[in-house]
Amino acid sequence: MKPAPFGYLRPGTLAEAVAALAGDPGAKVLAGGQSLVPLLNMRLAAPTTLIDLNALPGLDDVTVDEAGVRVGALARHAAVLASVEARRVQPLVAMALSNVAHPTIRNRGTTVGSLVHADAAAEMPVVLVLTGGSLEVEGPAGRRTVAASELFVGPLETSLHHDEIAVSAHFPALAPGAGAAFEEIARRHGDYALVGAGAIVDGDSVRVGFLSVSDLPTVVDLSGVAEADLGEAALAELEPGDDIHASADYRAQLVRVLTPRVVAAAREHAAHRLGRTRG
Amino acid sequence: MAEELHQIRLTVNGTAHDLRVPARRLLSDALRHDLALTGTHVGCEHGVCGACTVLLDGEPVRACLVFAVSVQGQEVTTVEGLTRPDGALGPVQQAFAECHGLQCGFCTPGFLTTITAGIRDNPEPTHEEAREMIAGNLCRCTGYQNIVKAVERAAVLAREGGPSEGGFETGLRPSSTTGDASVVEEVAQQPSRNHGDDVVDREDDAATTGLGA
């Protein structure tokens, strides 16, 4: 199908984009469009106006320092994934990104767009929560930082106001000596995961973030839990949902399988990083 | 109320085109309807099947998930742009012909563009990498085995053919594997045929995009 008609604005400055969004309650922001355009094509969404960010300067950078990785609103998944520096400073970002759809989609889709789309079945929202990251957003009142823990409030729903535009996302660095891993199970390669899990292990701290289990990306603290009990301990904090893709029971079983697997992989990653630092 | 039209310029297979399109015109439809480049096929129209894949500034994207207005000023390479300068099949097209990499041919344009960029970025793919390269494209005929063979064969042909092969600045040329040769030539000879006011009459056609080539 084709999208319903909509107005189109292609602002040259962020201020113009924010003003346009503030002036039209039915407007939506277009960056990569790899989630939005299918919704428009299937007429599941019909915004009055699309405000296309693609002509805005300076938003496509991936900047990395020892504190973390900052991803601009127009940085494509492929550019983030290709950044060797980003992979070194926060490896979990690349680990998760390689599971985001297919390379062709990653060439156009943006990481920040995926965050504000806030699909609980998507990889990047849970990575932002698990790494303790944040979003920089610009609105009529200026710029503010929204912590990942405050960002996701419901399925496809964030705490951003209608007139705010996400400018960049920040993924803090993986601590020295810590390890990360990402695992997911999908029916077909490149599909949304039935269940996915990312883990960060740092000394005694074990935290696992789950996607596609419930309506929100959910991080569970599993520090001090015995290896054999990891799956059940995670399930105690989760309420797996039912949908046409998988039953709640099946999702629970995938949590039991994936949790110990992803924690073991994160421990191995930590050992590997430690070995490399000493070596 | 008449839908607002936007003036844009797209460079397709090396030729610049000025178009007036509504904002909702998908790049796939701009190519097929406005430019009569029907080599780009439209399958699922929501980003799953990969048939409409074209190269945008050299990188594969789904033409059905991009609005033409949003890529104004950029360079598009379609399957029609993959032939060699003398009109002969490009290495990926040649490999598909040799390896029987297609049956009905509907999905083929998307495979050809995807693999063209794939072997440019990875000139010697392993068997596993060849499979990964096409993982985002669906084919309901072949069972993929011959397409994977065609990826590997295309990589060999491209290496033998030298770095200039693969067709990124090759302009409009008929593609005898998947493009519609007669239409391409017609557009090449009459570049203004589908431009300007003529396009206005075609706005309502957007809802009737056929699936045929």
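Analyst: A residue is called buried if 20 or more other C-beta atoms, placed from the backbone, lie within 10 Å of its own, exposed if 12 or fewer do, and partly exposed in between. The model is predicted, so local features need pLDDT of at least 70 and side-chain atom pairs count only at pLDDT 80 or more, while totals for chains, interfaces and linings use all residues. Residues are numbered from 1 along each chain as its sequence is written, and chains are lettered from A in the order in which they are written.

By the definition above, buried residues account for 52% of the 279 residues of chain A. The C-alpha atoms of chain A fill a box of roughly 55 × 45 × 35 Å along the principal axes. Chain A holds eleven helices and 14 strands, where helices (H or I, at least four residues) and strands (E, at least two) are DSSP runs numbered from the N terminus.

Turning to the side in question, 25 residues of chain A are in contact with 25 residues of chain B, two residues being in contact if their C-beta atoms, placed from the backbone, lie within 7 Å. On the side of chain A that touches chain B, at least two residues each are supplied by strand 1 (7-9), helix 2 (36-41), strand 3 (49-52) and helix 6 (103-106) of chain A. The residues of this side of chain A divide into twelve nonpolar, ten polar and three charged; Ala, Val, Leu, Ile, Met, Phe, Trp, Tyr, Cys and Pro count as nonpolar, Asp, Glu, Lys and Arg as charged, and the others, Gly among them, as polar. Within chain A itself, among contacts between residues at least 6 apart in sequence, 62% join residues at least 24 apart.
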